Amino acid sequence: MRPGMTGWVVVYRDRCQFGTMHTLFAVLGSAVNFAACLGYVRAILKGEASPNRVTWFLWALVPLIAGAAQLRAGVGISTLVVLSVGAGPAFVVLASFVRHKGSWSLGPFDYVCGACALAALALWAVTGDPVIAIALSILGDFAAALPTLRKAWLEPATENRSTYLISFAGMILGIFSIKEPTFAAYAFNAYLVAASSALVLVLYWPRRRALTETARSP
């Protein structure tokens with residue numbers, strides 16, 4: 001055996017195990033995200049949830065753009081989590097039409113999000129820089145989330161809270177699936193964690209006291 005061969009084998013084994021863990025986190029995160037959306041689909045079909053179709057449609061489109069950009073940037077297996085974030089909402093939109101539950105209204109934020117999504121595709125096509133597409137995708141997805149954040153605060157009963165809580169767990173797993181500490185790898189995944197946290201906080205924030213005071217006021 002040549003000198004140093006044992007050390008090389010140990011390093012190689014460690015790298016393989018580390019890569020396997022990344023893959024495991026990516027698969028688990030994707031499965032959790034998809035399961036969360038299926039829970040929302042079930043709530044829609046039972047008449048327990050009424051989604052904002054514009055938001056959920058854009059939540060399907062924008063992550064798919066970001067995921068494609070991550071693939072172009074060579075991010076790796078963690079891209080699977082981002083793609084799953086786009087696939088799940090597509091089923092939510094479909095379920096809303098099947099059950100005839102949901103709103104379909106365009107507001108300023110929806111136009112901003114659509115413009116950002118189109119700009120992401122256009123600039124990516126012109127420059128070939130996936131980082132630009134990812135940055136604009138974050139802006140577009142944030143604009144898409146604002147109507148649902150507002151609706152979740154004003155009408156929490158129209159949302160399926162467990163969906164967002166389960167999805168938040170999937171986003172955390174997505175962070176652990178990242179291999180390389182680059183903007184392309186971390187930016188959209190970190191944004192997903194932040195957005196999920198905001199939705200969970202809004203939906204689970206106690207309102208009983210405020211509602212009681214409102215009912216008592218003349």
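Reply: About 250 Å³ of space lies in the largest cavity, where a cavity is a set of points, on a 1 Å grid over the protein atoms alone, at which a 1.4 Å probe fits but cannot get out, and a volume is the space filled by probe spheres set on the points, which are joined across faces, edges and corners. This is a predicted model, in which local features need pLDDT of at least 70 and side-chain atom pairs count only at pLDDT 80 or more, while totals for chains, interfaces and linings use all residues. Residues are numbered from 1 along each chain as its sequence is written, and side-chain values use heavy atoms, with hydrogens and water left out.

A search of the whole structure finds one cavity of 30 Å³ or more. The lining of the largest cavity, meaning residues with an atom within 4 Å of a point, consists of 19 residues, and Trp59, Val85, Ser167, Met171 and Ser196 are those that lie nearest its centre. Two or more lining residues come from each of α1 (5-45), α2 (53-73), α3, α5 (130-154), α6 (161-176) and α7 (183-204), these helices being DSSP runs (H or I, at least four residues) numbered from the N terminus. The largest share, five residues, is given by α7.

By class, the lining has 14 nonpolar, four polar and one charged residues; here Ala, Val, Leu, Ile, Met, Phe, Trp, Tyr, Cys and Pro count as nonpolar, Asp, Glu, Lys and Arg as charged, and the others, Gly among them, as polar.

Notes. On a 1 Å grid over the protein atoms alone, a cavity is a set of points where a 1.4 Å probe fits but cannot get out, and a pocket is an open set with protein on both sides within 12 Å along at least five of seven lines; lining residues have an atom within 4 Å of a point.
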